[in-house]
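Hi there,

Here is the structure I promised to pass on to you. Please have it open while you read, and my notes on it follow just below.

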Amino acid sequence: MCGIVGYVGPKSVIDILTNGLSKLEYRGYDSAGVAVNSNGKIKIYKAEGKLQNLKDLLETHRSEITNTTAGIGHIRWATHGAPTTINAHPHSCNCGKLVLVHNGIVENYKELREELKGCGCIFKTETDTEVVAHLIAHEYGKLNDLPKAVRAAAKRLKGAYALCVMHQDDPNMIVGTRKNAPLIVAMGQGENYLASDSPAIIEYTKRVIYLDDDQFAVLTPTSVLITDIDGKQVAKKEEILPWEPVAMSKMGYKHFMLKEIHEQPDVIRNVLSGKLPDITKPIVLDEVKLTKEQIKNLKRIEIIACGTSLHAALVAKYILEAFTNIPVDVEPSSEYIYRKTVTDANTLVIGISQSGETSDTITAIRQAKAVGSHVLIITNRPDSIMAREADSLIPVNAGIEVSVAATKSFNAQLIALYLFSMYVAEIKGSFDSSKIEQLKHEMMMLPQKIETVLSHEESIIKCARAFASYKNFIYIARGINYPTALEGALKLKEISYINATGYPAGELKHGPIAMLDETMPVLAILMPGSIVYEKILSNAEEAKARNARMIALTSAEDPHLEDVFEYILKVPAVDEYLSPVIASVPLQLLAYYIAEFLGKDVDQPRNLAKSVTVE
Ligand code: F6R
């Protein structure tokens, strides 16, 4: 969750670190800090709150930060200890010569702290990270060698960590290691970098090495040495990052979220490109390594994911079951990992993740792999841990998603899931082929239809203005759009902090209806197709009868809607199977404009982080 940057080289260390941290800031943070080796001395600067506070602090000290050789920087999402300046990273040992930054949670930090106190270590904070700084310094005292000290300390750590460490007496060196938390090495000309994610360094170089768990990187300006935990050199492949630095620009939009909502037509075109050659030809998914025989023998599919990706998984349950006749279970990764993993070689396990780095989903797929299931990953980050550990992959090509609230990645995941469902159906012959052709044709039309939704933002803005002052919201739908209701409610909660809940419309009268009155607006998603349209309409009438203010999201040309709904958000007609893609867009915009009217920090909502790399 925390962001890490390390640099060793001739450029201004402060500028490289703060620029790198600002590229990670979008993930949502509460304090920041850097340590630099300047004129042969370690200097630490930290600030609470946004990164700008640290930048301002550094400006006031700029004249004293000269002759820099190396530095490490960190933006923190608090886990152990409040988001205060003292708890911010870097942390140091007693003498202040050894400093480090850390992402993750060290589980045995309490025992280690007691032990280190007995050795004379004085603790200034309650954080697990400070314990690691003292532990490495303690080893350094014995070994007088930074890489060896980091390796010795790592043998004592339990939990998850990415670490970036430096010592005053090794002014041209930084050392990094990782376990269940991301860390990459990036190579420049006469300079090298460590980072928790590629946006931090892509402006400088695209040449990277992905460290595996328990690997150690020793960086100087002109060398990179990767070893295992015993110091044995490991040969690693250099890879080239697939991103362009321009992905991190707002391109004239006020927020990244708005830009990313507007990118969705192109994102869908990208996902379809090469995979859907023609409506009469089979779907092409080269990175799916399951044989036809394996696909025909699948008895069950399990999908594991978190947050918005979990909502995409819930939509996928409807389509996979309808198209392939294979039973599908969907579960949040954080629940999956604490149950017995009852799966086998005839079960396909699908992990969905925008970042590909979500800790719970990584653990879940590892558990499933360990008992013999084929793991298919659907991710926006082909350079992520999940993508690298997958048996099969469907990259969703949505480009870097900067806004913390996921938007374009959701629809990109949905398209990947539609493609996969049709791919399996075509191999099994389990779904009417003319219906598949019709759906393929409609999928190709989706970008245009989303463009139509985006060109009618005024009605959504009007609705957002009318409802921005409400404290609660209910979203209802049935069938394939029940997950869309959950996703719409999640978007509103995340960026406006309004208490919004999605319900299957039929569940309203089993409890939630008790809350309805004029203070509780109800948004109903009514996409024509199956019988559920009429059912949702009658559930909406029940809500209206309790004085709730009513909003419809629909493609229906139904004059009766005007009797029930005060606001009608219209979207183009689309096959019901594909309707979550179209219906999610006005919900993203509604959440966006409500948050905007409320003056919230849309791209970096409080308490949230873009990539949840801790349990
Ligand atoms: C919602 C959001 C989160 C993520 C969740 C999973 O807008 O961003 O709910 O969807 O943390 O993250 P990934 O998809 O990266 O595994």
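Let me begin with Glu263, which is partly exposed at 21% relative accessibility (buried means under 20% relative accessible area, exposed over 50%, and partly exposed in between, with a 1.4 Å probe and protein chains only). Its partner in a salt bridge is Lys259, with 3.3 Å between the closest N and O atoms. Here a salt bridge is a side-chain nitrogen of Lys or Arg within 4 Å of a carboxyl oxygen of Asp or Glu. Lys259 is buried, at 6% relative accessible area.

Before going on, a word on the source: this is a predicted model, where local features need pLDDT of at least 70 and side-chain atom pairs count only at pLDDT 80 or more, while totals for chains, interfaces and linings use all residues. Residues are numbered from 1 along each chain as its sequence is written, and side-chain values use heavy atoms, leaving out hydrogens and water.

The whole structure holds 37 salt bridges. Among them is the pair Arg300 and Glu302, at 2.9 Å from N to O; Arg300 is partly exposed at 22%, whereas Glu302 is buried at 5%. Glu494 and Lys491 also meet in a salt bridge, at 3.4 Å, and both are buried. They sit 3 residues apart in helix 16 (residues 482–496), about one turn of the helix. A network of salt bridges links Arg178, Asp213, Arg366 and Glu389.

Now to the sheets. Helices (H or I, at least four residues) and strands (E, at least two) are DSSP runs numbered from the N terminus, and two strands pair if DSSP finds at least two bridges between them.

Strand 20 (residues 472–477) pairs with strand 21 over 6 bridges, and Tyr475 has Gly502 of strand 21 as its bridge partner.

Another open sheet is antiparallel, with 8 strands in the order 3-2-4-1-10-9-11-14. Strand 3 (41–48) and strand 14 (239–240) are at its edges with a single partner strand each, so one side of each has no neighbour in the sheet. Strand 1 (residues 3–8) and strand 10 (residues 192–195) pair over 4 bridges, and Val8 stands opposite Asn192 in strand 10.

Best wishes
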